[in-house]
Amino acid sequence: MEILAHAKLNLTLDVLGKRPDGYHDLRMVMQSVELADVLNLSYNDTGELRVGTNLHFLPNNEKNLAAQAALRWWEEKGSAPRGLEINIEKHIPVCAGLAGGSSDAAAVLRALNEMERACLPLEEVARIGERVGSDVPYCVMRGTALAEGRGEVLTPLPPLPQCWVVLCKPEFSISTPALFAKIDSVRLRCRPDTQGAIAALEAGDLHGVARRMYNVFEDALPDRQRARVTDLKNILIQSGALGASMSGTGPTVFSLFDDEGRAREAQERLLDCGGEVFMTQTV
Ligand code: C5P
């Protein structure tokens, strides 16, 4: 079975505080985009669970979230694991704040739900994903949603009006646990207006959403990395973006455009600045 694993963006991301279990309570508006990994799943006769990707540095064993998702699936079903090949063609940049690994895991769960003819409702599939990673439940549900709690408490929102998305993953990567650890001691200069962004979505107001995009993790980045993220945001805004922000714990910067030509020009401009650059649309 072939299945797509879409990247996600955080239109807003707020950290409300640290929890007794070591995780953080979050409040964020999530959005899926067409940029996606392509997964192929097939049963084998060897009884082994094998993951292959076109990126040699990614784990091909149980360290890969896609494999963890498959193991979790059979654990939940109470049945012995079957031999399974998972082939992942990566297009989503890794360690980028775009939930590439979580989305691959979510795609495996969705695929197994069909391949095994389990017919579980998506909410139930999302629940299985909770233990694989905090973003996995959202990646199962996709679309536009408010995510709270660890990220697993989901409320569907009206879709973001049609627009073009230009994103750039700078040359460096960010460790998610390290940035979460740092955020506790950072004095946040600014918080996103998530409620305003939700009201703008309800009104179908793309400009209103774009104006309110903000991610508190920008304040937790080391100085040089924060400067790079700010530069990229400025380039995008100067190129006519309606708004620009960082996704997840970064470092990918994304922006929304209501004009395809301007989005293409911004993409061209960013290609001269290094990093991986993509133009995509919302799902
Ligand atoms: O849940 P997941 O494994 O994707 O999270 C990776 C790390 O990010 C966690 O180990 C934790 O350090 C941090 N995290 C957090 N609060 C969240 C989600 C993730 O502190 N809500």
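Reader: Where is valine 136 found?
Author: Valine 136 is in helix 4 (residues 136–141). Helices (H or I, at least four residues) and strands (E, at least two) are DSSP runs, numbered from the N terminus.

Reader: What should I know about the model and the numbering?
Author: This is a predicted model: local features need pLDDT of at least 70, side-chain atom pairs count only at pLDDT 80 or more, and totals for chains, interfaces and linings use all residues. Residues are numbered from 1 along each chain as its sequence is written, and side-chain values use heavy atoms, with hydrogens and water left out.

Reader: Back to valine 136. Buried or exposed?
Author: Valine 136 counts as buried, at 0% relative accessibility. Buried means under 20% relative accessible area, exposed over 50%, and partly exposed in between (1.4 Å probe, protein chains only).

Reader: Which residues is valine 136 in contact with, leaving aside neighbours within four places in sequence?
Author: Ser102, Ala105, Ala106, Leu109 and Gly129. Contact means heavy atoms within 4.5 Å.

Reader: And what separates valine 136 from alanine 178?
Author: Their C-alpha atoms are separated by 20 Å. Along the chain, the two are 42 residues apart.

Reader: Let's do helix packing. At what angle do helix 1 and helix 2 pack?
Author: About 35°, with their axes 8 Å apart. Helix 1 covers residues 65–77. Axes are lines fitted to C-alpha atoms, for helices over the stretch in contact, and angles run from 0 to 180 degrees between N-to-C directions.

Reader: Which residues meet there?
Author: From helix 1, Leu65, Ala66, Ala69, Ala70, Trp73 and Trp74. From helix 2, Gly101, Ser102, Asp104, Ala105, Val108, Leu109, Leu112 and Asn113.

Reader: What kind of crossing is it?
Author: Helix 1 passes helix 2 in a right-handed crossing. A crossing is left-handed if the near helix is turned anticlockwise from the far one by less than a right angle, and right-handed if clockwise.

Reader: How do helix 2 and helix 3 pack?
Author: Helix 2 (residues 100–115) and helix 3 (residues 122–129) pack at about 130°, with axes 10 Å apart. The two helices are therefore oblique to each other. Angles under 35 degrees count as roughly parallel, over 145 as roughly antiparallel, 65 to 115 as roughly perpendicular and the rest as oblique.

Reader: Which residues make that contact?
Author: Leu109, Arg110 and Asn113 of helix 2, with Leu122, Val125, Ile128 and Gly129 of helix 3.

Reader: What about helix 8 and helix 9? What is their angle?
Author: About 145°, and the axes are 9 Å apart. Helix 8 passes helix 9 in a right-handed crossing. Leu232, Ile235, Leu236 and Gln238 in helix 8 meet Ala266, Arg269 and Leu270 in helix 9.

Reader: New topic: rings. How many aromatic pairs does the structure hold?
Author: The structure holds 1 aromatic pair. Phenylalanine 180 and phenylalanine 217 form it, edge-to-face, at 4.9 Å centre to centre and 80° between the planes. Rings of Phe, Tyr and Trp (its six-membered ring) pair if their centres lie within 6.5 Å; planes under 30 degrees apart count as stacked, over 60 as edge-to-face and the rest as tilted.

Reader: Where do those two sit?
Author: Phenylalanine 180 is in helix 5 (residues 176–183). Phenylalanine 217 is in the loop between strand 8 (214–215) and helix 8 (223–238). The pair links distant parts of the chain, 37 residues apart. Both phenylalanine 180 and phenylalanine 217 are buried.

Reader: Which charged residue lies over the face of tyrosine 43?
Author: Arginine 82, at 3.6 Å from the ring centre. Lysine 77 lies over the face of tryptophan 73, at 5.4 Å. A charge sits over a ring if NZ of Lys or CZ of Arg is within 6 Å of the ring centre and within 35 degrees of the ring normal.

Reader: Now the backbone. What is phi at cysteine 95?
Author: Positive, about 50°, although cysteine 95 is not a glycine. Cysteine 95 lies in the loop between strand 4 (84–89) and helix 2. With a relative accessible area of 52%, cysteine 95 is exposed.

Reader: And cysteine 119, what is its phi?
Author: Near 55°, again a positive value in a residue other than glycine. Cysteine 119 sits in the loop between helix 2 and helix 3. Cysteine 119 counts as exposed, at 66% relative accessibility.

Reader: Last one. Which peptide bond is cis?
Author: The one from glycine 250 to proline 251, with omega near 5°. Proline 251 is in the loop between strand 9 (243–246) and strand 10 (253–257).
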